[in-house]
Amino acid sequence: MRISNVVAQGLMDYLLSHIDSVTPTLYPRIEIYEGAYPSTTGSPDGNLLITITLKNPAFIINSNTGQELVYELDYPDPLTVTASGDASYFRLKNAANDTVLMGTVTGQAGSGDMKITTATIRPSLLVRITSFLIRLPKE
């Protein structure tokens, strides 16, 4: 699939406008859960393992050349988790607490939409997101 450059940029701008807040003191966040991947972005299933408060804006442009428009997550230092479990999915929420998107989580060697240092979460363990990109195909 290919999307025109103008449409790809418009779609990305629209998506990011639902993630970032116009109020500088309100921040989007990522919640990482264990359990079955929900069928909708409604209520989450499973146990919440960690909440990561993001910068505002949350994404920076990584690439605008070639075949993709790629935005990369821009977030603070590694975070300490407070619950134990095996991470399986994430929810990206805006400052208004709306789920904007969700996807799978795996350790660095996995193929999840988001990769973290380890999918086995334990208290006092530092966790870093090692890969999370939003990509749109372009002309």
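Which residues do ring pairs link into a cluster? They are Tyr33, Tyr37 and Tyr89.

1. Basis. This is a predicted model, in which local features need pLDDT of at least 70, side-chain atom pairs count only at pLDDT 80 or more, and totals for chains, interfaces and linings use all residues. Residues are numbered from 1 along each chain as its sequence is written, and side-chain values use heavy atoms, with hydrogens and water left out.

2. Count. Rings of Phe, Tyr and Trp (its six-membered ring) pair if their centres lie within 6.5 Å; planes under 30 degrees apart count as stacked, over 60 as edge-to-face and the rest as tilted. That rule gives three aromatic pairs.

3. Tyr33 and Tyr89. The ring centres are 5.1 Å apart and the planes stand at 5°, so this pair is stacked. Tyr33 belongs to strand 1 (residues 29-33) and Tyr89 to strand 7 (residues 89-93), so the pair ties together parts 56 residues apart in sequence. Strands here are DSSP runs (E, at least two residues), numbered from the N terminus.

4. Burial of the tyrosines. Buried means under 20% relative accessible area (1.4 Å probe, protein chains only). Tyr33 is buried at 6%. Tyr89 is buried too, at 0%.

5. Phe90 and Phe132. Here the centres lie 5.0 Å apart with the planes at 70°, so the pair is edge-to-face. Phe90 sits in strand 7, while Phe132 is in the loop between strand 12 (129-131) and strand 13 (133-137). The pair links distant parts of the chain, 42 residues apart.

6. Burial of the phenylalanines. Phe90 counts as buried, with a relative accessibility of 1%. Phe132 is buried at 5%.

Definitions and conventions
Helices (H or I, at least four residues) and strands (E, at least two) are DSSP runs, numbered from the N terminus. Buried means under 20% relative accessible area, exposed over 50%, partly exposed in between (1.4 Å probe, protein chains only).
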